[in-house]
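Here is a quick tour of a structure, section by section. Have a look at it first, then read on.

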Amino acid sequence: MTARVGVVTFPGSLDDGDAARAVRIAGAEPVRLWHGEAELHGVDAVVLPGGFSYGDYLRCGAIARFAPVMEKIIDAAGAGLPVLGICNGFQILCEAHLLPGALTRNQHLHFRNRDQILRIESTGTAWTNTFQPGQEVLIPVKNGEGCYVADPATLDQLEAEGRVVARYVGGNPNGSQRDIAAITNQAGNVVGIMPHPEHAVEALTGPSLDGLGFFTSVLKHLVGAPA
Amino acid sequence: MPRVVVDVMLKPEILDPQGQAVANALPRLGVNDVASVRIGRRIEIDFTGEPDLDRAREIADKLLANPVIEDFTVRLVEADESAEARS
């Protein structure tokens with residue numbers, strides 16, 4: 001049975017097409033989900049793509065969090081549905097309180113757009129179980145508000161529980177605390193990542209094929225293979 | 001009818017790079033006695049009936065501010081006062 005992975009389109013989403021393509025290249029069936037429809041169509045996992053949902057009005061992700069489809073995703077994530085939030089999707093997951101902390105304006109105020117090395121710190125999540133602990137991967141980063149912040153107690157808890165999923169290596173592109181590029185929830189099914197694995201799945205368009213691992217991980221997770 | 005004004009500010013411990021950029025520009029205006037600038041957001045809310053401060057606080061807490069990084073205050077102003085403030 002082919003896994004069905006939902007990709008949500010919000011008004012202002014940009015990377016929903018690339019995310020759906022990455023899902024297909026990884027061997028799953030992408031299912032396009034619409035923000036205004038409170039319906040998940042029985043998908044096995046969900047990707048919240050990058051972009052500027054609702055024009056980033058108020059705060060990035062603040063309004064998308066209240067979209068009808070998000071109510072279903074928040075409930076399903078609580079029941080174990082794998083959810084990957086990329087860039088704006090990460091911001092939405094924080095605004096929805098599925099992940100702790102917040103993403104703020106890059107400290108240097110510049111939009112940062114480059115290929116970025118990340119170190120995978122946690123391979124125990126639904127989205128990173130095909131990587132080796134400590135593996136370095138090359139994935140594009142492109143954000144203006146990617147500076148991850150949380151209070152020190154929350155950061156310590158994330159570290160202690162192994163919930164820092166990836167860190168920036170070779171230069172922190174946005175000032176994120178403790179070089180954090182990706183985190184997960186306690187159960188490991190919800191992951192938020194600021195760089196864009198869906199842009200690193202084909203030699204023609206990406207700097208590497210390293211991003212594919214996130215999408216093949218969820219397939220491995222869904223068939224119940226040990227992480 | 002009084003209007004509800006919500007002021008949202010980054011918490012003091014959160015770096016405000018926008019405010020810093022403005023502060024760094026001030027010397028170019030010849031202003032050298034400003035220690036810091038913080039930038040926030042003012043939201044004006046008009047209820048259809050009597051202003052409901054409790055409801056406004058709920059709106060601020062759930063949507064207008066992100067309590068992880070921001071504080072907010074809620075207050076009533078006369079509608080003409082807020083017009084004056086803009087002039």
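## Ground rules

Helices (H or I, at least four residues) and strands (E, at least two) are DSSP runs, numbered from the N terminus. This is a predicted model, in which local features need pLDDT of at least 70 and side-chain atom pairs count only at pLDDT 80 or more, while totals for chains, interfaces and linings use all residues. Residues are numbered from 1 along each chain as its sequence is written, and chains are lettered from A and ligands numbered from 1 in the order in which they are written.

## A loop residue in chain B

Let's start with Val37(B), which sits in the loop between helix H1 (17-25) and strand E2 (41-45) of chain B.

Which residues does Val37(B) touch, leaving aside its neighbours within four places in sequence? They are Gly19(B), Val22(B) and Ala23(B), where a contact means C-beta atoms, placed from the backbone, within 7 Å. Pro17(B) is 20 residues away along the chain from Val37(B), and their C-alpha atoms are 9.7 Å apart.

## Chain A overall

Chain A has five helices and 11 strands. Its C-alpha trace spans about 45 × 40 × 35 Å along the principal axes. A compact globule of 227 residues would have a radius of gyration near 17 Å, and chain A agrees with that at 16 Å; the radius is taken over C-alpha atoms, and the globule rule is 2.2 Å times the number of residues to the power 0.38.

Of the 227 residues in chain A, 57% are buried. Take the contacts in chain A between residues at least 6 apart in sequence: 76% of them join residues at least 24 apart.

## Strand E10 and its partners

Strand E10 (residues 180-184) of chain A has five of its five residues buried, so it is largely enclosed by the rest of the structure. Strands pair if DSSP finds at least two bridges between them. Strand E9 (residues 164-169) of chain A runs antiparallel to E10(A), joined by three bridges, and Ala166(A) has Ala182(A) as its bridge partner.

E10(A) and E11(A) make a hairpin with five residues between them, and Gly188(A) in the turn has a positive phi of about 85°.

Terms used:
Buried ≥ 20, exposed ≤ 12 C-beta atoms within 10 Å, placed from the backbone. Contact = placed C-beta atoms within 7 Å.
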